[in-house]
Amino acid sequence: MAKIAFITGVSGQDGSYLSELLLSEGYEVHGLLRHASSLQNLAHLLTDDRLKLHRGDIQDESALRRLVAEIRPTEIYHLAGQTNVARSFELPIETVHDVAIATLRLLEIVRHTAPAARLFHASSAEIFGNPAEQPQTETTPMRPINPYGCAKAFATQMTSVYRDSLALFACNGILYNHESPRRGENFVTRKIARAAARIARGLERELKLGNIEARRDWGAADDYARAMWMTLQQQAPGDYIIATGETHSVREFVDAAFAIVGLKADEYLKIDETLLRPSDPAQMVGDAAKIAREVGWKPAKKFGDVVQEMVAAELKLAGATP
């Protein structure tokens with residue numbers, strides 16, 4: 001049977017790494033991307049005729065239904081949606097539509113149009129908010145504290161409902177922070193890596209950040225794309241924490257990035273209180289024992305590897321080599 005994948009949000013960081021992986025595994029890959037989306041992350045794959053891109057809107061139910069019926073995918077990876085936590089406070093209604101309602105709409109389309117397809121929903125550790133336990137597992141109660149986390153909690157629970165009550169092969173991958181050189185420039189890790197490289201080249205003078213004590217479980221995006229694929233290769237669907245099990249503070253990320261370019265972060269770092277979020281969880285760390293046990297996935301890259309890759313990419317963009 002031909003392996004045909006459909007990826008929503010294909011042009012993003014995760015979608016591009018997942019596309020690479022699926023093409024290497026012999027899939028025909030169809031990707032949905034917004035009309036205004038850049039193809040920068042996919043540029044190196046555009047000569048492969050097995051990658052077929054479709055411009056559209058995840059909110060356009062009729063067009064999405066027709067597309068799924070036409071493609072007849074064997075696997076669906078739902079990665080699309082507004083993913084910036086800070087922006088979700090500015091645009092809460094848009095965030096709920098993009099994340100929660102769009103996921104429910106896709107579940108309904110799959111149920112009626114491609115019920116045999118296997119579906120992966122990219123959930124988020126933000127569903128836990130200020131968690132009641134450390135580390136978090138698949139059974140940790142959801143306590144979101146921002147609009148994005150609330151929308152993801154709804155989408156995650158609906159995915160479970162369609163699996164448990166309507167017999168869809170649907171998996172939730174509860175993704176912790178994962179980074180790469182393809183991360184959007186509005187994310188703090190990309191901002192840090194870019195600043196370190198540009199300051200080292202004399203193109204900028206300072207780095208402004210908000211809460212540098214916040215701790216996150218940071219992994220590598222290509223590692224996590226591999227986890228997404230592996231969850232759909234199992235005999236039965238389930239929910240899985242995808243994480244490294246280690247936490248590092250924003251401050252540690254800054255220090256590591258500036259050390260790579262031979263600078264001391266304290267000389268360039270400025271705290272800007274206007275960048276503080278209304279509510280920011282102090283620590284998020286995931287227990288990935290279940291996916292290791294049932295799926296066989298473990299992260300291949302360490303925190304330092306991720307920082308090194310991101311700073312090296314930014315140095316290249318700034319006209320220098322690491």
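The legends below describe close-up views of a predicted model.

**View 1. The largest nonpolar core and its contributing elements.** This core holds 44 residues, of which Leu18, Leu22, Tyr77 and Phe120 touch the most other members. Two or more residues each are given by β1 (4-8), α1 (13-24), β2 (28-33), β5 (118-124), β6 (169-175), α7 (221-231) and β11 (239-242). The largest share, seven residues, is supplied by α7. Another core, of 27 residues, lies apart from this one and has Ala196, Leu207, Leu209 and Ala257 among its members. In soluble globular proteins, nonpolar side chains tend to be buried together.

**View 2. The surroundings of phenylalanine 120.** With residues up to four places away in sequence left out, phenylalanine 120 touches Ile76, Tyr77, His78 and Leu79, together with Cys171, Gly173, Met228, Thr231, Leu232 and Ile242. Phenylalanine 120 and Tyr77 are both among the residues that touch the most other members of the largest nonpolar core.

**View 3. Helix α5 along its length.**

**View 4. Phenylalanine 154 in helix α5.** Phenylalanine 154 belongs to α5 (residues 147-164). Its relative accessible area is 32%; phenylalanine 154 is therefore classed as partly exposed, since that class lies between the 20% and 50% limits. Beyond its neighbours within four places in sequence, phenylalanine 154 is in contact with Ala100 and Leu104. Together with Val96 and Ile101, Phe154 makes a nonpolar surface patch of about 200 Å². The C-alpha atoms of phenylalanine 154 and glutamine 235 are 26 Å apart in space, and the two residues are 81 apart in sequence.

**View 5. The cis peptide bond at proline 135.** Glutamine 134 and proline 135 are joined by a cis peptide bond with omega of about -10°. Proline 135 is located in the loop between β5 and α5.

**View 6. Positive phi at arginine 72.** Arginine 72 is not a glycine, yet its phi is positive, near 55°. The residue is placed in the loop between α2 (61-71) and β4 (75-78). Arginine 72 counts as exposed because its relative accessibility is 66%.

**View 7. Positive phi at alanine 167.** Alanine 167, also a residue other than glycine, has a positive phi of about 65°. Its position is in the loop between α5 and β6. With 67% relative accessibility, alanine 167 is classed as exposed.

How values were computed
Residues are numbered from 1 along each chain as its sequence is written. This is a predicted model: local features need pLDDT of at least 70, side-chain atom pairs count only at pLDDT 80 or more; totals for chains, interfaces and linings use all residues. Side-chain values use heavy atoms; hydrogens and water are left out. A nonpolar core is a set of buried Ala, Val, Leu, Ile, Met, Phe, Trp, Tyr and Cys residues joined through side-chain atoms within 4.5 Å. Buried means under 20% relative accessible area, exposed over 50%, partly exposed in between (1.4 Å probe, protein chains only). Helices (H or I, at least four residues) and strands (E, at least two) are DSSP runs, numbered from the N terminus. Contact means heavy atoms within 4.5 Å. Patches are made of residues with over 30% relative accessible area and no salt bridge: like charges are joined within 9 Å, nonpolar side chains (Val, Leu, Ile, Met, Phe, Trp, Tyr) within 5 Å. Accessible areas come from the Shrake-Rupley method with a 1.4 Å probe; for residues, only the protein chains shown count as cover. A salt bridge is a side-chain nitrogen of Lys or Arg within 4 Å of a carboxyl oxygen of Asp or Glu. The expected span of a helix is 1.5 Å times one less than its number of residues.
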